[in-house]
Amino acid sequence: MTERAPGKPRIVGDRLLRELAREYGTPLYVYDAATIRRQVAELRGFDLVRYAQKANSNLQILRLLRGLGVHVDAVSAGEVYRARRAGFADSEIQFTADIFDRFALDLLARHPVHVNAGSADMIEQLAAIRPGTDLTLRINPGFGHGHDPKVSTGGAESKHGIWYQQLPAVLERVERAGLRTTGLHVHIGSGSDFDNLSRIRDSLAQAALAAGGALKTLSAGGGIPIPYRPGEPAFDTARYAADWRQTQRSLEAQLGRRLVLEVEPGRYLVGAAGLLVAEVRATKNSGGIDYLLVDAGLDNLVRPAMYGAYHHLSIIGRDHEPQAPRMVAGPLCESADIFTQKPGGTIEPRLLPAATVGDLLCIHDAGAYAASMASNYNSRCYAAEVLVDGGDARLIRRRQTLDQLVALEEDLELAAPHRRDR
Ligand code: LLP
């Protein structure tokens with residue numbers, strides 16, 4: 001078969017990819033610093049870019065972004081800790097969540113990180129550790145949208161945010177607790193689209209007029225999509241920022257005060273900046289279907305299994321060879337460990353060149369929600385991560401060792417079980 005699927009350029013040169021795979025082994029995440037810098041620059045129309053580090057929380061990626069003047073969002077004690085370890089000042093970190101677990105509350109009592117609350121019960125809990133503090137409220141505007149229903153974070157089916165009709169009551173509750181609402185935030189979902197993201201502006205404007213008084217920041221949230229498929233158009237960030245600027249100016253005029261306009265992307269900054277490189281370890285035909293079996297699995301990238309998400313695939317050195325429909329699957333003892341599937345789990349063969357054992361497969365756009373969602377399922381060690389910056393390539397996370405894999409279960413005095421009556 002000679003039919004050819006459209007390609008997508010690899011962000012790092014083939015020679016370097018081969019060298020890195022040889023040196024650090026596969027599966028291997030390879031990130032490109034220049035792509036991250038370019039994506040940050042695309043958002044200069046906003047006053048402040050706040051990186052949603054859940055997309056990729058590697059310390060060196062955080063340090064790179066900090067160097068570009070980006071601030072950071074954290075959703076857990078661990079993410080606050082990472083941000084601080086990466087060198088962010090407490091004033092550059094914002095904690096956004098719908099609950100404080102006790103671990104996070106304890107950490108926030110020690111570090112004055114600004115809180116963006118998604119549930120009203122957080123108000124008194126925050127007042128107890130930090131009397132008189134400022135806070136931001138995350139609004140659920142009554143609608144949501146994302147690349148898959150599982151990543152929509154608005155509407156009645158979503159657990160996130162404060163329901164927009166309850167805002168007046170919640171604002172009063174903030175005052176009663178002796179706190180000040182200085183910011184409003186809306187995030188409707190991840191990998192959304194222009195039209196849905198644009199609807200946020202009216203919702204936030206209405207909320208801002210209700211909150212009035214002490215307001216200092218408006219956050220558009222994240223959710224900006226990236227083109228995963230070859231030929232998909234890029235999101236018009238300039239127009240998006242200009243539209244937001246209008247909303248900001250009109251609110252500033254009505255409220256008689258300056259507002260800082262924030263955007264909070266994760267995927268947009270790092271998604272296209274990563275490749276997951278895997279080695280083909282077997283090929284076979286089952287019932288007429290051609291399979292490439294590779295050494296990366298859903299433990300390294302769960303998005304296809306979890307959302308039926310599309311990631312472009314290419315094989316180094318074979319871009320110009322004839323293509324045929326093939327399935328690409330990982331090594332796990334789990335039927336969903338297939339990179340070529342659609343939402344709902346239907347398999348979807350992809351046009352790919354023939355490959356043989358030892359070939360390197362690239363899974364594109366694996367900079368966001370890949371390493372950060374990795375697991376040790378099937379007792380597979382976490383893969384290594386490398387950051388390429390121009391001609392320079394640096395290991396930014398070592399491959400986990402087998403000893404590290406079991407370390408938390410060893411030396412636990414297993415002979416002395418916990419007993420309540422002791
Ligand atoms: N801000 C808040 C409050 C969020 O909850 C999220 C994502 C973001 C910002 C960043 O969204 P982004 O710009 O990256 O779309 N695991 C899913 C994505 C879940 C995102 C959850 N929250 C995926 O792989 O598509």
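Student: At what angle do helix 2 and helix 3 pack?

Tutor: Helix 2 spans residues 33–42 and helix 3 spans residues 59–67. Helices are DSSP runs (H or I, at least four residues), as are strands (E, at least two), numbered from the N terminus. Axes are lines fitted to C-alpha atoms, for helices over the stretch in contact, and angles run from 0 to 180 degrees between N-to-C directions. These two axes lie 11 Å apart, and the angle is about 45°.

Student: What kind of model is this?

Tutor: Residues are numbered from 1 along each chain as its sequence is written, and side-chain values use heavy atoms, with hydrogens and water left out. Local features need pLDDT of at least 70, side-chain atom pairs count only at pLDDT 80 or more, totals for chains, interfaces and linings use all residues, and the model is predicted.

Student: Which word describes how helix 2 and helix 3 lie to each other?

Tutor: Angles under 35 degrees count as roughly parallel, over 145 as roughly antiparallel, 65 to 115 as roughly perpendicular and the rest as oblique. The angle here is about 45°. Helix 2 and helix 3 are therefore oblique.

Student: Which residues make the contact of helix 2 and helix 3?

Tutor: Contact means heavy atoms within 4.5 Å. Helix 2 brings Ala33, Ile36, Arg37 and Val40, while helix 3 brings Ile61, Leu64 and Leu65.

Student: How many residues of each class are in the contact of helix 2 with helix 3?

Tutor: Ala, Val, Leu, Ile, Met, Phe, Trp, Tyr, Cys and Pro count as nonpolar, Asp, Glu, Lys and Arg as charged, and the others, Gly among them, as polar. By that scheme the contact has no polar residues, 1 charged and 6 nonpolar.

Student: At roughly what angle do the axes of helix 4 and helix 5 cross?

Tutor: Helix 4 runs over residues 77–85 and helix 5 over residues 102–110. Their axes come within 8 Å and cross at roughly 35°.

Student: Which residues of helix 5 make the contact with helix 4?

Tutor: Helix 4 supplies Ala77, Val80 and Tyr81. By class, the contact has 6 nonpolar, no polar and no charged residues. From helix 5 come Phe103, Ala104 and Leu107.

Student: How many residues of strand 8 are buried?

Tutor: Buried means under 20% relative accessible area, exposed over 50%, and partly exposed in between (1.4 Å probe, protein chains only). Strand 8 covers residues 180–186 and is mostly covered. Of its 7 residues, the buried ones number 6.

Student: In strand 9, which residue is the bridge partner of Gly183?

Tutor: Two strands pair if DSSP finds at least two bridges between them. Strand 8 runs parallel to strand 6, with 6 bridges, and parallel to strand 9, with 3 bridges. In strand 9, the partner of Gly183 is Thr217.

Student: In the hairpin of strand 17 and strand 18, which residue takes a positive phi?

Tutor: These strands run antiparallel and are joined by 5 bridges. Glu385 stands opposite Arg397 of strand 18. The hairpin has 2 residues between the strands, and a positive phi near 65° belongs to Gly390.

Student: What is the omega of the peptide bond from Thr26 to Pro27 near?

Tutor: Pro27 sits in the loop between helix 1 and strand 1. Most peptide bonds are trans. The bond from Thr26 to Pro27 is cis, with omega near -5°.

Student: Is Asp365 buried or exposed?

Tutor: Asp365 lies in the loop between strand 16 and strand 17. Its phi is near 55°, positive although Asp365 is not glycine. Its relative accessible area is 5%, so Asp365 is buried.

Student: At 33% relative accessibility, what does Asn378 count as?

Tutor: Asn378 is also in the loop between strand 16 and strand 17. Its phi is near 65°, again positive in a residue other than glycine. With 33% relative accessibility, Asn378 counts as partly exposed.

Student: How far are the C-alpha atoms of Ala272 and Gln39 separated?

Tutor: Ala272 is in the loop between helix 10 and strand 11. Beyond its neighbours within four places in sequence, Ala272 contacts Ile11, Thr35, Ile226 and Asp365. Gln39 is 233 residues apart from Ala272 along the chain, yet their C-alpha separation is 9.0 Å.
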